[in-house]
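Some points on this entry follow, for reading alongside the coordinates. They start with the surface and go on to single residues.

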Amino acid sequence: MRLMLAGAMVLLAACASQEMTKVTTAIDREKHLYLEEVEGVEALAWVRSQNDRTLAILENDARFKGYYEAALGIATSKERIPYGSIRQGHVYNFWQDEAHERGLWRRTTPASYASAAPEWETLLDLDALAKAEGANWVYKGVSCLKPEQTRCLLSLSDGGKDAVRVREYSIAEGGAKAGFVAGGFDIPEAKSSIAWQDKDTLLIATDWGNENKDLTGDKATLTESGYPFVIKRLKRGQALRDAVEVFRGERTDVATSPVSLEDGAGNQWFGAVRAETFYTSSWFIFSRAGEGRTLKLPIPAKSSPQGIFADTLLLTLEEDWTPEGQGEFKAGDLVGFNWSGFVADGNLPKVDLVFRPTPKQALQGVGITKNNVLVNISDNVVVKVMAYRKDGANWISSEVKLPPNGSAGVIFSDSEESTAFLGYEGYLSPDTLYTYDSTSGAVAAIKQLPAWFDAGPYKVDQYEATSKDGTKVPYFVVHKTDIKLDGSNPALVYGYGGFQVSQTPGYSGTVGKLWLEQGGVYVMANIRGGGEFGPSWHQAGLKTKRQVVYDDFIAVAEDLVKRKISSPKKLGAMGGSNGGLLMGVMYTQRPDLFNAIVCQVPLLDMLRYHMLLAGASWMAEYGDPDVAEERAFLEKLSPYHNVDPARTYPEIYFETSTKDDRVHPGHARKMAKLLEEMGKPFLYYENIDGGHSAAANQREAARRSALEFTYLARKLMDGK
């Protein structure tokens with residue numbers, strides 16, 4: 001449920017948060033509330049007028065057509081890697097290209113998959129389904145019943161929303177005979193979470209119908225964040241209203257979801273995870289049949305179970321932990337304890353340390369195979385993969401042989417499969433897909449992206465900037481080897497800075513073609529709030545401490561100017577969602593640092609964010625506007641409340657989506673409307689579909705990229 005968001009950039013120092021003048025009164029804000037009506041007639045009329053104005057400017061730029069064709073070619077190329085998952089002797093993949101805009105769900109054999117031209121068997125054609133049903137379906141994944149994995153729950157979104165309709169789909173006969181199960185499970189649109197209990201039973205947390213219309217009444221089943229908190233057991237053929245409740249959280253929680261764990265001995269354990277906040281949760285285990293006693297896992301609230309291997313429940317820690325009568329463990333550790341011992345009596349067995357990062361390291365992910373545990377470890381923001389196995393009471397590790405100085409990681413692993421898929425990429429190194437044999441340790445490259453741009457003229461440097469409080473903040477710069485350090489280079493800084501999401505090296509053909517090849521410099525800022533150096537790097541910027549995130553970004557931008565890599569007139573920033581908030585803060589706090597800001601699907605009204613869609617779930621990150629101390633800080637931070645009519649600002653470009661049911665489009669709408677009333681320059685584009693990604697298919701994604709880089713070229717490359 002991590003909030004998926006993206007980044008920004010910055011330039012000269014400032015204590016701007018103390019200089020901000022609150023200029024938007026309560027009356028001003030209420031005047032714009034109609035823009036929070038997602039499908040409101042007046043709101044959409046304003047949106048369409050802004051879309052028309054913005055598209056007339058950007059699509060009529062001579063560069064747009066070439067940018068769009070290049071981006072579309074990359075997005076729909078058949079040379080892309082068809083990433084997949086392995087189940088019961090098949091490799092499954094979801095694929096979109098120019099001929100299949102909505103996509104194909106398909107499969108092939110492992111041998112065919114490893115070949116240059118796999119022979120795919122189509123299981124579902126989303127374009128054909130959408131046409132037949134007259135629906136704007138977007139594929140959101142499948143969950144198949146083990147062990148056969150031929151009965152699946154297919155999640156379909158209307159236009160890209162997080163809310164999905166879940167329908168039972170059978171692939172038992174494969175190919176053209178695959179299809180929806182007559183009279184099968186069909187869960188109406190909601191932000192549901194579902195686990196198969198057996199072939200005729202589901203554990204479901206969903207919107208349970210009329211009883212939750214009054215979110216403050218006794219019959220509410222959705223939290224204040226808009227997610228379910230009641231889990232029920234639904235039998236095949238049973239009406240949703242007749243499902244039997246098995247677990248209940250609280251309305252004040254973020255969400256409650258059913259979970260299942262496999263113990264390596266063929267046993268499935270079912271339970272529930274109750275997320276009291278975005279970063280704290282309680283885990284409960286039912287009996288294997290889903291009935292009888294319920295055991296609460298004796299683990300810290302800030303920890304994440306990763307699965308069971310060698311009868312050991314593995315979990316990552318986001319806080320220090322000293323189990324009673326045992327030693328101390330640190331935030332960032334990977335630890336484990338005996339599973340069968342715990343379920344026998346409900347008591348916590350001895351806890352073992354599996355991995356402890358150094359100050360420059362962080363655990364970035366865990367994957368379990370049939371024979372070992374694969375751990376992604378970043379070291380000064382480059383990532384490697386380590387394989388762990390248990391030898392008696394000890395854990396033994398070895399590094400998986402993948403290229404260095406980029407991002408290596410687990411793409412797919414499963415505790416029932418010996419083969420895993422691993423990946424590697426860097427800013428100048430196209431993605432490569434490897435198979436990993438967990439029995440022998442053998443690694444083989446089987447697929448690689450084509451080079452979408454010539455990397456020969458470029459190099460990657462890593463620097464450190466010094467933030468306002470003295471913290472060293474790393475950042476990557478991708479640039480031509482013969483760069484002139486005279487401040488004349490157009491530079492785009494990307495940042496995120498939230499939710500413990502790490503920004504590690506990655507390959508982007510779109511950035512290469514539409515930015516680097518046009519003469520631009522690309523910068524990735526590894527600011528606090530992310531997970532680049534573990535939980536402490538993230539927690540340093542929570543709630544009222546959040547200004548350090550923005551100070552870090554400013555420090556990176558200033559360092560670029562100090563090194564004469566760029567200058568304020570040539571500097572641009574990009575970020576979305578949480579990164580969109582970062583962009584809004586850069587706009588209000590340091591408008592002198594940037595000449596262009598791309599603000600994607602942003603949060604901007606930080607005094608009402610908790611009242612809009614999933615916003616209440618993020619109060620552990622940003623703070624609670626109803627708590628006096630936290631509200632006072634948010635008032636100084638909130639971009640929507642800190643635009644000064646007497647100040648000069650760069651032209652900002654807002655992007656959002658009508659169908660985004662995670663970050664409300666009202667944030668971008670209200671901010672843009674405020675700028676319109678103040679006579680400040682801005683561009684605004686709202687995709688009518690697309691969800692939180694602001695693009696429902698590859699064509700829309702290509703258009704979005706072309707619009708962004710056309711805007712950036714106008715502002716930073718030719719001064720228009």
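1. The protein exposes about 27,500 Å² of surface, and carbon and sulfur atoms supply 49% of that area. The model is a predicted one, so the points below describe computed geometry. Of the 720 residues, 59% count as buried.

2. On charge, the protein carries 80 positive and 92 negative side chains. The centres of these two sets lie 2 Å apart.

3. The overall dimensions can be checked against a simple rule. A compact globule of 720 residues would have a radius of gyration near 27 Å, and the value of 25 Å for the protein agrees with that. The C-alpha trace spans about 65 × 60 × 55 Å along its principal axes.

4. The secondary structure comprises 14 helices and 37 strands. Among contacts with a separation of 6 or more, 61% are between residues 24 or more positions apart.

5. How many disulfides does a search of the whole structure find? There is one, and it joins Cys-144 to Cys-152 with an S to S distance of 2.1 Å. The link is right-handed, with 100° about the S-S bond. Cys-144 and Cys-152 are both buried. A further cysteine, Cys-599, counts as buried because its relative accessibility is 0%, against a cut-off of under 20%.

6. The cis peptide bond between Lys-146 and Pro-147 deserves a look; its omega is about 5°. Pro-147 sits in the loop that runs between strand 5 (137-144) and strand 6 (151-158). Most peptide bonds are trans, and most residues other than glycine have a negative phi.

7. Lys-564 is not a glycine, yet its phi is positive, near 60°. Ser-577, also not a glycine, has a positive phi of about 60°. Lys-564 lies in the loop between helix 9 (547-562) and strand 34 (571-576), while Ser-577 is in the loop between strand 34 and helix 10 (578-589).

8. Ser-577, at 0% relative accessibility, counts as buried.

9. Leaving aside residues up to four places away in sequence, Lys-670 touches His-32, Leu-33, Leu-35, Glu-36, Asp-605, Arg-608 and Tyr-640.

10. Tyr-522 is part of strand 33 (residues 521-525). Its relative accessible area is 11%, so Tyr-522 is buried. Beyond residues up to four places away in sequence, Tyr-522 has contacts that include Tyr-427, Phe-476, Tyr-494 and Trp-515. Val-477, Val-478, Leu-492, Val-511 and Leu-516 are also among the residues it touches.

11. Thr-432 lies in strand 28 (residues 429-437). At a relative accessible area of 7%, Thr-432 is buried. Which residue 351 positions away along the chain has its C-alpha atom 8.2 Å from that of Thr-432? It is Ile-81, and Thr-432 also touches Ile-81.

12. Val-601 is found in the loop between strand 35 (596-600) and helix 11 (619-622). Although it is a loop residue, Val-601 counts as buried, at 7% relative accessibility. Val-601 and Ala-190 are 411 residues apart in sequence, and their C-alpha atoms are 21 Å apart in space.

Methods:
Residues numbered from 1 in each chain as written. Predicted model: local features only at pLDDT ≥ 70, side-chain atom pairs only at ≥ 80, totals over all residues. Heavy atoms only, no water. Helix = DSSP H or I, 4+ residues; strand = E, 2+ residues; numbered from the N terminus. Rg over C-alpha atoms; globule rule 2.2 N^0.38 Å. Buried < 20%, exposed > 50% of the residue type's maximum accessible area, 1.4 Å probe, protein only. Contact = heavy atoms within 4.5 Å. Areas by Shrake-Rupley, 256 points an atom, 1.4 Å probe, with all protein chains shown as cover. Lys, Arg positive; Asp, Glu negative; His and termini not counted. Charge placed at Lys NZ, Arg CZ, Asp CG, Glu CD. Disulfide = S-S within 2.5 Å.
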